[in-house]
Amino acid sequence: MKQRDRLRIAMQKSGRLTEPALELLNRCGLSFRQSRDKLFCFGEGEPVDLLLVRDDDIPGLIAQGVCDLGIVGRNVLDEFRLTTGREAAPLVELRPLGFGRCRLSIAVPQELDYQGPQTLEGERIATSYPGLLGEWLRTHAVNAGVVTLSGSVEIAPKLGTADAICDLVQSGGTLVANQLREAEVLLESEAVLAGPLALPIDERGDMLELLLKRLDGVIQVRESRLLLLQTSRSSLEAITRLLPGGPQPTLLAVAGQPDQLMLQALCAGEVSWRQLEEIKKAGAREMYVLPVEKMLA
Ligand code: ATP
Ligand code: ZN
């Protein structure tokens, strides 16, 4: 097989992860020729292409070497790791991406008196995640029947095909609508960048390293704000105490005003009006809160 020299990333063709994944890649400076209805999108600036597939296929495509990377839910990645044989190339989670958050939970009928894992002894649990559920049952020494379904898991108890379910939960609305309640959380999930344990050591590897650095920059600044303000030297200590988190602020001299300083601080999250007002009371002037677009450490 001819060696590929372009990096190939697999992502969900259409679903919850599609828009946020594309936005993240765009923020990393990657753009793709518009062919969203196709399987393959050619990368325009950088040598990085996209493969648009069902999310369930993503780990397999990486394991087979068809793709170098994938953007997929931790739930799908971990399920693949648990249910595929050792002959498949090991996959790792390279970065958590902060979107597509949900949890894999066991839910039981609302009227059931749930007392802990042993309540499930001898019951039938419907799920699309037999690997993750099986592991949890083993860990808790519970003997339960696992009914594997590919979809509509939440109606299984009503249909009488299972006594409980193990499914993804976000708000819990679907559970309530089906008279179920969450009993156990098996996995906290979010979208992750998945890749092989052994990364390629050629041009693709170099591109991958560059991409990871950009990704770290994007993830780090996603919530960050840059706070700029002017203060007199005498108020500096009081103001520094009020700064919302982040690394040490940078201080700059103000030309012609030896008593004054410009302070610049990277804050880990939103800076509220309330916080600004407090800092102003402590003696700050000319305050600006700026969103951070890019950062390269
Ligand atoms: P396809 O298999 O066609 O790619 P899908 O129906 O399996 O699509 P989605 O429902 O789009 O996939 O979910 C994709 C991922 O989004 C899930 O694997 C999970 O990681 C994450 N997710 C976040 N919230 C939820 C939720 N409430 N229900 C299901 N998945 C969720
Ligand atoms: Zn799927």
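**Exercise 1.** How many residues of domain 1 are in contact with how many residues of domain 2?

*Solution.* Begin with the ground rules: this is a predicted model, in which local features need pLDDT of at least 70, side-chain atom pairs count only at pLDDT 80 or more, and totals for chains, interfaces and linings use all residues. Residues are numbered from 1 along each chain as its sequence is written, ligands are numbered from 1 in the order in which they are written, and side-chain values use heavy atoms, with hydrogens and water left out.

Next, locate the domains, whose bounds come from an automatic or database domain assignment: domain 1 (7–100 + 191–221), domain 2 (102–188) and domain 3 (223–291). Finally, taking contact as heavy atoms within 4.5 Å, nine residues of domain 1 touch 11 residues of domain 2.

**Exercise 2.** Explain why ligand 1 lies between domain 1 and domain 2.

*Solution.* First, find the residues that have a heavy atom within 4 Å of the ligand: 15 residues surround ligand 1, and the closest are Gln12, Arg16, Asp55, Asp56 and Asn75. Then ask where this shell comes from: both domain 1 and domain 2 give residues to the shell, so ligand 1 lies between them.

**Exercise 3.** List polar contacts (pairs of N or O atoms within 3.5 Å) that side chains make with ligand 1, including that of Asn75.

*Solution.* A polar side-chain atom of Asn75 lies 2.7 Å from an oxygen atom of ligand 1; for Asp56 the corresponding distance is 2.8 Å, and for Gln12 it is 2.9 Å.

Definitions and conventions: Polar contact = N/O pair within 3.5 Å; in protein donor to acceptor, adjacent residues only side chain to side chain.
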